[in-house]
Amino acid sequence: GEKICEKCPASLVFKDGRIHRSLQEGYDKKGNKVIYMVTASPYSKEEGKINYVVEMAVDVTKAFLLEKKFKEISIFQEVIIQNAIDGIIASNEAGLISLYNPSAKKILKYPANKILGKKRQEEIYPPEFLAALESGMVPIVLKEGKIPDYKGNNIPIIFSGTKLKKNSQVLGTVLFFQDLSKLKQLESEILEAERLAAVGQTVAGLSHGIKNILISWRYCKINHI
């Protein structure tokens, strides 16, 4: 005989007398897969025993597929954000930081629970970015500025960002940035090396001049000039 599904809603109703729901798969007349929500509830009882169960099925295929697609897109976007080389910080419409990816954490050293929903954009964003937002100059592309880390140190960064909008409604802002600390250090070391090279050339020139003077003086002394 046909096997009875032990976990299907109707079977569960017969066991405990409660209403049960579950997603089920089936096929329509054309052979297309259909997702439907099954709701089963007790219909009649005699001496505490369930005699009949009423079962109702609603086609939720479109809603199910849309939800599945939405989850796939959300997961894909989350993976991109979490693996981005750039630091990414976003604030919501109230100005509170609502997104803080691993690269941003690596640069700023803030524990997530100290910044998400706790810090306002005015406390974190570079002044140059805030000024551009205030002036309406968006998107902001590849500008230099400084951003404070967890210890209060100003980190030199190159950044871009914009307001997040849906139609005319502002949903928040987003900042993309890269740490320029190593680059700035390298630039400083190069400038220092160039300065030392210039000093060395000057000293060498002076040394050569002094040597020539001493040679001339000695020649003059020997020849009683």
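Lys-143 has Phe-159 of strand 7 as its bridge partner. This contact belongs to the antiparallel pairing of strand 6 and strand 7, which extends over 7 bridges. Two strands are taken to pair if DSSP finds at least two bridges between them, and helices (H or I, at least four residues) and strands (E, at least two) are DSSP runs numbered from the N terminus. The model is predicted, and local features were therefore considered at pLDDT of at least 70 and side-chain atom pairs at pLDDT 80 or more, whereas totals for chains, interfaces and linings use all residues. Residues are numbered from 1 along each chain as its sequence is written, and side-chain values use heavy atoms, with hydrogens and water left out.

With a relative accessible area of 53%, Tyr-52 is exposed (buried means under 20%, exposed over 50%, partly exposed in between; 1.4 Å probe, protein chains only). Together with Tyr-43 and Val-54, Tyr-52 makes a nonpolar surface patch of about 370 Å². Patches consist of residues with over 30% relative accessible area and no salt bridge, like charges being joined within 9 Å and nonpolar side chains (Val, Leu, Ile, Met, Phe, Trp, Tyr) within 5 Å. The areas come from the Shrake-Rupley method with a 1.4 Å probe, and for residues only the protein chains shown count as cover.

The peptide bond from Val-138 to Pro-139 is cis, with omega near -5 degrees. Pro-139 is located in the loop between helix 6 (127-135) and strand 6 (140-148). Within strand 6, Leu-142 has a positive phi of about 45 degrees although it is not a glycine, and Leu-142 counts as exposed at 62% relative accessibility. Asn-167, likewise not a glycine, has a positive phi of about 60 degrees. Asn-167 is placed in the loop between strand 7 (154-166) and strand 8 (169-179) and is exposed at 75% relative accessibility.

The structure holds 4 aromatic pairs. In one of them, the rings of Tyr-110 and Tyr-150 have centres 5.2 Å apart and planes at 65 degrees, so the arrangement is edge-to-face. Rings of Phe, Tyr and Trp (its six-membered ring) pair if their centres lie within 6.5 Å, with planes under 30 degrees apart counted as stacked, over 60 as edge-to-face and the rest as tilted. Tyr-110 lies in the loop between helix 3 (102-108) and helix 4 (112-115) and Tyr-150 in the loop between strand 6 and strand 7, so the pair ties together parts 40 residues apart in sequence. Tyr-110 is buried at 8% relative accessibility, whereas Tyr-150 is partly exposed at 41%. The rings of Phe-129 and Phe-159 are also edge-to-face, with centres 5.9 Å apart and planes at 80 degrees. Phe-129 lies in helix 6 and Phe-159 in strand 7, so this pair ties together parts 30 residues apart in sequence. Phe-129 is buried at 0% relative accessibility, and Phe-159 is buried at 1%. Ring pairs link these two residues and Tyr-125 into a cluster.

The count of salt bridges comes to 4, each defined as a side-chain nitrogen of Lys or Arg within 4 Å of a carboxyl oxygen of Asp or Glu. Among them, Lys-71 and Glu-67 meet at 3.6 Å, N to O. These residues are 4 apart in helix 2 (residues 61-83) and are thus separated by about one helical turn. Glu-123 and Lys-119 meet at 3.5 Å, N to O.
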